[in-house]
Amino acid sequence: MFAYIPARGGSQRLPKKNIRELDGEPVIGHVIRNLASLTFISNIHVSTDDQQIRDIAESYGAVCLEPRLQTLADEKSGFADLISDDLPRYVEYNGGDEEVLFVLATAALVPPQILHEAYEIYVDRNPEILMSCESYQEPIWWALAKSEKDFWSPLFPEKVTVNSQDLPATITDSGLFYYFNRATMEKYNCHKNAKRLLPYFVPFEYRIDINNQDDWDLLEWKYNR
């Protein structure tokens, strides 16, 4: 199994977020260092289109191949695109090994013991994908969406009068890490459509998905504690 960190340089909502400094060093450096302590990982790869990110990643011991194609480094390229069109070259570099630990470059709060425990569950339960997850704080069945003229209406009108304890539990992707076999996952247009998806519930103190400045502020708050 090898680790794969996607880290494109063109983040628009929070520029350079993948190498922004957290406690004096690039956030991706924290992630690489945590991965380096995992004995089941053969290589740590960073896939990037950005030379600055590449230089930083390599300084922490990550292996970067040729720059990621620009067609895979825009806002529209997603998880499935990387699995089908970028990961194969890393599989080839690792001698055909299709087992992947896919980690986000900003998952700096996730300690090695969490990644190790998740790996053991992945090996024992053999899902198509093990995904870092969290429960929704409020039932998604009560969600509202904007309709006409700035008014809002329920997405699930038939559920709004049902008590929360009588509604199905729901979870969401934490945007931190994923264990999977690349060849298996390639048949899906989205990783969430996998037939055997197993969640790994990450405790609150280790969870963060960076999209904007508020998310970054929360990352720093959690890290300092």
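How many residues does helix H7 have, and what distance does H7 reach from its first C-alpha to its last? Helix H7, residues 213–224, has 12 residues and reaches 17 Å, close to the 16 Å expected at 1.5 Å a residue. The model is predicted.

The buried residues of H7 are Asp 215, Trp 216, Leu 219 and Lys 222. They lie on the same side of H7 because they cover an arc of only 125° around the axis. An α-helix has 3.6 residues a turn, so residues three or four places apart point the same way. On the other side of H7, Asp 214 and Asn 224 are exposed. Strand S2 (21–22) and helix H1 (27–36) are among the elements that cover the buried residues of H7.

Strand S4 covers residues 44–47. Ile 44 and Val 46 point one way from S4, His 45 and Ser 47 point the other way, and all are buried. Strand S1, residues 2–6, runs parallel to S4 and is joined to S4 by 4 bridges. One of the pairings is that of Pro 6 with Ser 47 in S4.

The chain as a whole has these values:

| Item | Value |
|---|---|
| Helices and strands in the chain | 7 helices, 10 strands |
| Span of the C-alpha trace along its principal axes | about 55 × 35 × 35 Å |
| Buried share of the 225 residues | 46% |

Of the contacts in the chain with a separation of 6 or more, 75% are between residues 24 or more positions apart.

Conventions:
Residues are numbered from 1 along each chain as its sequence is written. This is a predicted model: local features need pLDDT of at least 70, side-chain atom pairs count only at pLDDT 80 or more; totals for chains, interfaces and linings use all residues. Side-chain values use heavy atoms; hydrogens and water are left out. Helices (H or I, at least four residues) and strands (E, at least two) are DSSP runs, numbered from the N terminus. The expected span of a helix is 1.5 Å times one less than its number of residues. Buried means under 20% relative accessible area, exposed over 50%, partly exposed in between (1.4 Å probe, protein chains only). The arc is that of the directions from the helix axis to the C-beta atoms. Contact means heavy atoms within 4.5 Å. Two strands pair if DSSP finds at least two bridges between them.
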